[in-house]
Amino acid sequence: MAELTLDDVTKVFTEDDGNEIVAVDDVNIDIDDGEFLVLVGPSGCGKSTTLRMIAGLETITSGEISLDGRRINEKPPAERDIAMVFQSYALYPHMTVRENMSFGLEESTDMPDDEIATHVSETAEMMGIGDLLERKPADLSGGQQQRVALGRAIVRDPEAFLMDEPLSNLDAKLRATMRTELQRLQAELGVTTVYVTHDQTEAMTMGDRIAILDDGVLQQVGTPLECYHAPNNQFVAGFIGEPSMNFFPMDRRDDRLVGDRFEYELTAAQREAVGDADRVTLGVRPEDITVDIEGGGSHAYDVFVDVVEPRGDENTVHLTFDRGVDEPETFTATISGLRHIQAGEPVVATLPPDSIHLFDAETGVALHNRSLETTEVTEQLT
Amino acid sequence: MSFGTSTDEETETGPGYPLRRIVLYVTLAAMAAFYLIPIETGIMTSLTNPSSYSGQFPYLPPLEPLLSGTGEFSLQPWQNAVDLLGQGLVNSAILVIPATILSGLLGSMAAYGLTTVSWRGQIAVYVTFVAGIFIPYQAVLVPLTQFWYNVVPLRTAFQPVTVLPFVQGYHWKLVALIVTHTAYGLPICTLLFRAHYKKLSDEMIEAARLDGASIYRIYRRIILPLSVPMFAVVFIYQFTQIWNDLLFALTIIQFGDASVVTQELVGLGVSQSGTNFPLRMAGALVAALPTLLVYVLFGEKFAKGVAA
């Protein structure tokens, strides 16, 4: 168990034709002892490369990675005392579950055989695969293989776990179960864990903190709620949350924002936050938009329902300012699943001033995040 | 099924034996006959009296029993063939078994080093391996003789080994042939193993590296056990190639006690009084038996390897 530090870590790949591609650009992350950090981002953002550099499977172009205060840049993977779980599970197909789990201890320690056998049996029991020890991977279901892969990592009792999209090959239901189980397991073992995923739900639900990468650049590191409610920039705001945040490009006119379809009056604090930026992007999360049959007010707009997606607990409503257009521009709002609303209906959508985010249209940097004063999560975020 | 009035369509969908199936079986039977008749002919010929050989169709059972006058069959030509080829069979075995194992093992190691382990310049090395496949045998015959007889003093170097039991002075020629065949088998073996190793999961090898296994241990504990089907393919291929080779044997062994079975077979049953075809046929079948045996032994694994 140890803290893991990434200090200005950069990875540059050189292609055959001499072109250089920066896969990871100057990433700094401090991961505390026993912390569960989720690295998340769209595919090709450099999250797997980062993980592979920590594992030692990829060289580090510049910067430093240290584990427990010791620089590990030059250490071969075998000497880093790190265990990794792969997306494909990467089990050894010709070995039984027991042999798969013993392999690491046999290769990396001087532990006597009987001690290895005890460790393997104990870990297998803990993972609920005690009765599968003599089977080959091909005879196991995907979920069982996943457990073996986890067990193989756990049995080595490493300083840190690295997980590369370990749940993405499971079906949705099993994935949800394993998500909870993994969290519980990690908390029990207290091993520093770096978990890579492209799935923002996994990131939100599993991590103590999440680190969001885009195009090799670290966008934000923070608790899930920080990233959700106080995003550093428009990318984070759009990536975290499902359905994602609505964005409206707006122009600044004195105390108001003017868009193609509507105008939005700013509060004094918001005006100050925007400063002298001319063009801003207004962001608002779907669940913050209220939808009423009728009404009015300074931040209420007459819109039409384009499509309703019922989810049972809630409805995702696609709203539009343009009626009767074939493929209208829409924004989404989520409303209670018990409310009945129909496509084509005229409704009034309110964008409450205390829940809007404002981003610089040029740089995407957050100028103003939603107010949390009236909510219960305030304490967690300070 | 009605009498000849049924159309093709009815035949296919109707009960009984659809026409398509009959055609299939007839074709299969014809193909089986096509492949088996030469062998059957060989067996029949090997049982025929040399004097009555030319008087009948070779694929029919002998009209006149082998031991004329007694009315009995005899496996005398087979017995004679084994006696006459004995030395050659032993020499071939001494040659083929080590050469096959060596070329398979070295090919697998080379392919592992050139595929799974990544290092700078490996493609260039691999290309030289592949180029080896295209060097015509004829082009190297003279250099090969020069190499083993004049450049490498293998004959004298081999002398001290002859004190060991069963080792004869002439065995140095077989050693030379083993090395030659191993070297010539390497490119194709490497190619076959490389194709196999490219399909292995990179993540699995990386998992083994993280598990603390060295390059050698990964080969020994992961790659080698997963190569078994490909070894069956390579063993069958190399065994047949080397066992059947005559050109290199003629070049390196030339003549003498070290002659392998293919060399002995050339002169078997040939004399001034004519050609003893039954003896030659029996000899050919005896010489072919070991390759057949290897197919039987590795056949199942071979099928797996080819399908993989």
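**Helix packing and chain contact in a predicted model**

In chain B, helices α10(B) and α13(B) cross with a left-handed sense. The model is predicted. Helix α10 of chain B covers residues 228–244 and helix α13 of chain B covers residues 277–307; the two pack at an angle of about 150°, and their axes lie 7 Å apart.

On the α10(B) side, the contact is made by Val228(B), Pro229(B), Met230(B), Ala232(B), Val233(B), Phe235(B), Ile236(B), Phe239(B), Thr240(B) and Trp243(B). Helix α13(B) contributes Pro290(B), Thr291(B), Val294(B), Tyr295(B), Phe298(B), Lys301(B), Phe302(B), Lys304(B), Gly305(B) and Val306(B). Sorted by class, the contact between α10(B) and α13(B) has 15 nonpolar residues, three polar and two charged.

Another helix of chain B, α12, runs over residues 261–267 and includes Gly267(B). Gly267(B) counts as exposed because it has 12 C-beta neighbours inside 10 Å, and a residue with 12 or fewer falls in that class. Along the chain, Gly267(B) and Ala110(B) are 157 residues apart, and 39 Å separates their C-alpha atoms.

The two chains also meet. Contact between them involves 16 residues of chain A and 14 residues of chain B. On the side of chain A that touches chain B, β6 (82–85) and α2 (97–108) of chain A each supply at least two residues. The element that gives the most to this side is α2(A), with four residues. By class, the side of chain A that touches chain B has eleven nonpolar residues, four polar and one charged.

Technical notes
Residues are numbered from 1 along each chain as its sequence is written. Chains are lettered from A and ligands numbered from 1 in the order in which they are written. This is a predicted model: local features need pLDDT of at least 70, side-chain atom pairs count only at pLDDT 80 or more; totals for chains, interfaces and linings use all residues. Two residues are in contact if their C-beta atoms, placed from the backbone, lie within 7 Å. Ala, Val, Leu, Ile, Met, Phe, Trp, Tyr, Cys and Pro count as nonpolar, Asp, Glu, Lys and Arg as charged, and the others, Gly among them, as polar. A residue is buried if 20 or more other C-beta atoms lie within 10 Å of its own, exposed if 12 or fewer, and partly exposed in between; C-beta atoms are placed from the backbone. Axes are lines fitted to C-alpha atoms, for helices over the stretch in contact, and angles run from 0 to 180 degrees between N-to-C directions. A crossing is left-handed if the near helix is turned anticlockwise from the far one by less than a right angle, and right-handed if clockwise.
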